[in-house]
Structure formats: C-alpha cells, structure tokens
Amino acid sequence: MAFVSSGYNPDKPMENRLSDIGPKKYDEFYPEVIKNNKGKWLYHEILEPGVLVHVSETGDEVYTVRCGGARIMSTTHVREICEIAEKHCDGHVRFTTRNNIEFMVDAKEKVEPLKKDLESRKYNGGSYKFPVGGTGAGITNIVHTQGWIHCHTPATDASGTVKAAMDVLFDDFKNMRLPAQLRVSMACCLNMCGAVHCSDIAILGYHRKPPLLDHEYLDKMCEIPLAVAACPTAAI
C-alpha cells in the first residue's frame, strides 16, 4: 500500500506521472500515405529480394526497401540512416522486429534511386552498410541479445557470433532461393530474451557454472534502478 499512500491512484494510473521512458504514440510518426490508408490495405507482394509493394483499396501504393541493420548501432550509423530517410522518404524510417531497416516511398520510380544509394554505402573494408534483402524464402536479419555490452547475465557475447554466422549466410539474405523463410536467433544465456526458442535455428550460450553476483554493485548498475523506478505501481 506504500505506493497508494504516496499519491498513486489505481483508477487513473497515468495521472501526474512523470517519466522519460518510452516513445511517443506510434501513429504520430506515420508517413502520410500510411496514415491515409490505415485499415484499407488489400495485399502486398515481394517484387524482388528486399523490395515489397503494399496496395490499398484507394489505389495508393507503398514501396518498401528492406536492408540489414546492426542490433547495436553507433550514433554515426543512426545518423546516416536518418540522412537516407530525409533524402528519399520525407524523414520516415521503420525497423522490423528482427532489426531490419525499412525505407518506404510512395512511388515506384523512387525505388531504384533509393536502392542504388543504399548499395553504394560501404565500410572501408568493402562490406555493405545497408545490404538490401531479407525478404521471402531466404534468411532475414539474425535477432540476438545484448551480450556483454549491456547485460548482467550473458554466458557469451552475441555480436561476434552473429557476424560470423551472417557472413556465411549472407548470400541467402540477398536471394530468395530457399524452400521457405528461415529465421535464425542468438541468445547469450538461458534466459533467451532473443526468442531463440521460436526460430528455425537457435544459437545459445550457456553457463557451465552459476555466475557470481556482487550484490554491493548490482543495484547501482545498468538498467536495474531504471526498471525499478519505471513501474508506476512499485511492483518491481
């Protein structure tokens, strides 16, 4: 009852609540063509690997170019994504649940310039920053967990394992030649927040021995204090 005595009203859980946690409501960020056709889409097709079209009953079309994205991104990389979105998509961009990046345009003639721009951007070593693909009967991006960079419990790191696996599978990201869609996930420990249990291929790190906890520091680190403070009912 402590949270009730502090002023929390269970009938109005958001009343007087101050929080910087969570984004604004999603529909504030719809592209205009998505906003105008919500609930009116008839069908979609995959035109080629990485390129989709959605057709509305109004006759409007949305063309989506999907490319691979990193699970953990640098500020520089995010800014480059925003630059591409501003240049081709009126500032709109979206991420799929498997960390693919999707750029949407409202006309077919805008697709090819967008694709060429994405494919032309490479790292100094020659690898693609934004490889187009990840649709249909192929492999899409590998979902993975936080790893050592931002988690308390991993038995192994994720990024290196995922990079090595995706290097081998990359041709099937760019093509649609498999019998069906293929989903690969990586989890760093048995908590499996990477949803490896519902993927076709699972890569899982596990502890041979129970990890040791340093209680003196645990509640001062990472997202634990933030998670506790975020709950309006003090349930954590």
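Glu48 stands opposite Val51 in β2, a handy place to start reading this predicted model. That pair belongs to a stretch in which strand β1 (residues 41-48) and β2 run antiparallel, joined over six bridges.

**Strands β1, β2 and β3**

- β1 and β2 make a hairpin that leaves two residues between them. In its turn, Gly50 takes a positive phi of about 90°.
- β2 also pairs with strand β3 (residues 61-67), again in the antiparallel sense, over five bridges. Within this pairing, Leu52 stands opposite Thr64 in β3.
- The β2 and β3 hairpin has four residues between the strands. Gly59 sits in that turn with a positive phi of about 95°.
- How many of the six residues of β2 are buried? Five are, and strand β2 (residues 51-56) is therefore mostly covered, given that buried means under 20% relative accessible area.

- The largest nonpolar core holds 18 residues. Val65, Phe103, Leu114, Leu118 and Phe130 are the ones that touch the most other members.
- Which elements give two or more residues to this core? They are β2, β3, α3 (75-88), β5 (101-105) and α4 (111-120).
- Phe130 has a contact list that, leaving aside residues up to four places away in sequence, runs to Cys67, Gly68, His77, Glu80, Ile81, Ile84, Ile101, Leu118 and Arg121.

- Arg121 is found in the loop between α4 and β6.
- Is Arg121 buried or exposed? Its relative accessibility is 13%, so Arg121 counts as buried, the cut-off for that class being under 20%.
- Arg121 touches Glu80, Glu83, Ile84, Tyr128, Lys129 and Phe130, with residues up to four places away in sequence left out.

**Helix α5 and its bend**

- α5 bends by about 55° at Val168.
- The buried residues in α5 are Val162, Ala165, Met166, Asp172 and Phe173.
- What do the buried residues of α5 pack against? Their partners are β3, β6, β7 (184-187) and β8 (201-204).

**Positive phi outside glycine**

- Asp90 is not a glycine, yet has a positive phi of about 55°. Asp90 lies in the loop between α3 and β4 (94-95).
- With a relative accessible area of 65%, Asp90 is exposed, because that class begins over 50%.
- Asn99, another residue other than glycine, has a positive phi near 65°. Asn99 belongs to the loop between β4 and β5.
- Asn99 has a relative accessible area of 18% and so is buried.

**His152 in its loop**

- Where is His152 found? His152 is in the loop between β6 (143-144) and α5 (159-174).
- His152 and Leu213 are 61 residues apart along the chain, and their C-alpha atoms are separated by 9.2 Å.

How values were computed. Residues numbered from 1 in each chain as written. Predicted model: local features only at pLDDT ≥ 70, side-chain atom pairs only at ≥ 80, totals over all residues. Heavy atoms only, no water. Buried < 20%, exposed > 50% of the residue type's maximum accessible area, 1.4 Å probe, protein only. Pairing = 2+ DSSP bridges. Core = buried A, V, L, I, M, F, W, Y, C linked by side-chain atoms within 4.5 Å. Contact = heavy atoms within 4.5 Å. Bend = angle between axes of the 7 residues up to and from the residue.
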